[in-house]
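Let's take a friendly walk through one protein model, stopping at a few residues along the way. Have the structure open and follow along.

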Amino acid sequence: MAAVHDHDVAHAHDHHPTGLMRWLTSTNHKDIGTMYLWFSFIMFLTGGVMALTIRAELFQPGIQIVNPEFFNQLTTLHGLVMIFGAIMPAFVGFANWQVPMMIGAPDMAFARMNNWSFWLLPPAALLLLGSFFAPGGAPAGGWTIYPPLSVQMGMGMDMAIFAIHIMGASSIMGSINIITTILNMRAPGMTLMKMPLFVWTWLITAYLLVLVMPVLAGAVTMLLTDRNFGTNFFNAAGGGDPVMFQHIFWFFGHPEVYIMILPAFGIVSEIIPTFARKPLFGYSSMVYATASIAILSCIVWAHHMFTAGMPVTGQLFFMYATMLIAVPTGVKVFNWTATMWRGSMTFETPMLFAIGFIFLFTLGGFSGVVCAIVPIDIQVQDTYYVIAHFHYVLVSGALFAIFGGAYYWLPKWTGHMYDETLGKWHFWLSMFFFNLTFFVQHFLGLAGMPRRIPDYALQFADFNMISSIGAFGFGLSQLVFLYVVLKCIRGGAKATAQTWEGAKTLEWTLPSPAPYHSFETPPVIR
Amino acid sequence: MKDDAERRRAAIRTALFLLATVIALFVAVIVKNW
């Protein structure tokens, strides 16, 4: 994309408060993006410690380390923390940093609301994690907080519900901000179909958030009134319907899966053309595929509840609709592969993570199609097969894209090159230990090992031992990432403006690190 | 090219429309299940 802009680096006005006040009062999209990214990394480590405690308990059959009640609290909070605390805020961090720079805007449309969107998150996280110390402990009914369990639990559940409300409000404000920014603040000449794919995927993701977050808020509000104010929305004894909660929850929950993967598609769609040194193959089909996935994601929710009971016609509809999502997803995988085809490829760390993403996300997609088939799903429902499936989609999918994106844009954010050797070590260690952890869980699930259980039958022992070793390896590998990032912030080889020769988007026309205020005069897109 | 004031008004209109959507959905979910 050719761009002309008269941004004068020497006159970058970077006057801002220093110290704590810079971060507390910031309305700068780059500062807020940085805070989102650090917050999500801290939550990633927090959820990771919970995962490792779970895997330590499952290292051998029998109850060794934690009692079953606490185990259930760990599985529940691990899910909630990773989804609402780690993956989603990480992508919002990327959006904050990148969207204004990629569309040639000086900042987000509502800069003060942006500050508020972020600063709602730490108190929500404290509420959620604080529930461990409430009488009765943290919620223990799984991250899906199904009634009747969630109606019967102690006050930890109220704390979690309140935390979900706050995080939902933060997400809604963030998505309104992103939509408004993209629709109203693009540089002259940047039509919608000239926008970078990352911006497109975030625009569609933000619409999904606006559609489903109020639905989740409604569901947990009804749960809250059932628990505290004597209503009977989900209480069968009072004329309510607990299965209705599942329908409402998954009307949020399935699009949520795509909220966590569409921005990952966007990041991968930026990285691959850069390192293949070719334009993205099938740009417009990528846009339409993203939109199709988003629309289809709203009509497949009941595939999460095939065993809850529904008419055969319902099962067939949700099965076929789910399988249909493989079509636009296949278009994307084809386009990424075609972009690499006969490209002048190099394999820097971002590209490694992007290629790892394509391999492993596709594997997770395939096991998703397996789960979509009703008779198979009835067998594998609530087994480790499902755990393996969604970790292939969310860890080697969303998380690998986050790592790839972080390495890709770190030079632009910090002004320094990261340590390429250590970055590659991080990738290969993550790749090896991720598969060691989760590939064997397919076998455990197919053999019938149920999820959310602290003990298991002896025949599952070997694969569980392998999985636990893999999990500790994967967890420790992430410390390499932390070291690389800290080293990159502190110094290193100076990054040029055009860090990657194949990169074409607007942020690469700015110096590295990107000035505190960028594109005060909009660039003109030819 | 839009001037700044026009752009600001458009941004506020977009945000208000989205906010109204959010509130309508939230209310609809609860009222539907009342």
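Predicted model: local features only at pLDDT ≥ 70, side-chain atom pairs only at ≥ 80, totals over all residues.

You can find A:Pro513 in the loop between helix H17 (461-490) and strand E2 (524-525) of chain A. Is A:Pro513 buried, exposed or partly exposed? Its relative accessibility is 37%, so A:Pro513 counts as partly exposed. A:Thr76 is 437 residues away from A:Pro513 along the chain, and their C-alpha atoms are 39 Å apart.

Next, look at the aromatic rings. Over all chains there are 53 aromatic pairs. Here are two of them.

| Pair | Distance between centres | Angle between planes | Kind |
|---|---|---|---|
| A:Tyr146 and A:Phe245 | 6.4 Å | 80° | edge-to-face |
| A:Tyr407 and A:Phe481 | 5.6 Å | 75° | edge-to-face |

A:Tyr146 sits in the loop between helix H5 (121-130) and helix H6 (149-152) of chain A, while A:Phe245 belongs to helix H9 (residues 242-276), so this pair ties together parts 99 residues apart in sequence. A:Tyr146 is partly exposed at 22% relative accessibility, whereas A:Phe245 is buried at 0%.

The other pair also links distant parts of the chain: A:Tyr407 is in helix H15 (residues 384-414) and A:Phe481 in helix H17, 74 residues apart. A:Tyr407 is buried, with a relative accessible area of 0%, and A:Phe481 counts as buried at 7%.

Finally, turn to chain B. Which residues make a nonpolar surface patch of about 520 Å²? They are B:Ile12, B:Leu16, B:Leu19, B:Ile23, B:Val27 and B:Val31. B:Ile23 lies in helix H1 (residues 4-32) of chain B and is partly exposed, at 46% relative accessibility.

Conventions: Residues numbered from 1 in each chain as written. Chains lettered and ligands numbered in written order. Heavy atoms only, no water. Helix = DSSP H or I, 4+ residues; strand = E, 2+ residues; numbered from the N terminus. Buried < 20%, exposed > 50% of the residue type's maximum accessible area, 1.4 Å probe, protein only. Patch = residues over 30% accessible without salt bridge, like charges linked within 9 Å, V, L, I, M, F, W, Y side chains within 5 Å. Areas by Shrake-Rupley, 256 points an atom, 1.4 Å probe, with all protein chains shown as cover. Salt bridge = Lys/Arg side-chain N within 4 Å of Asp/Glu carboxyl O. Phe/Tyr/Trp six-rings, centres within 6.5 Å; stacked < 30°, edge-to-face > 60°.
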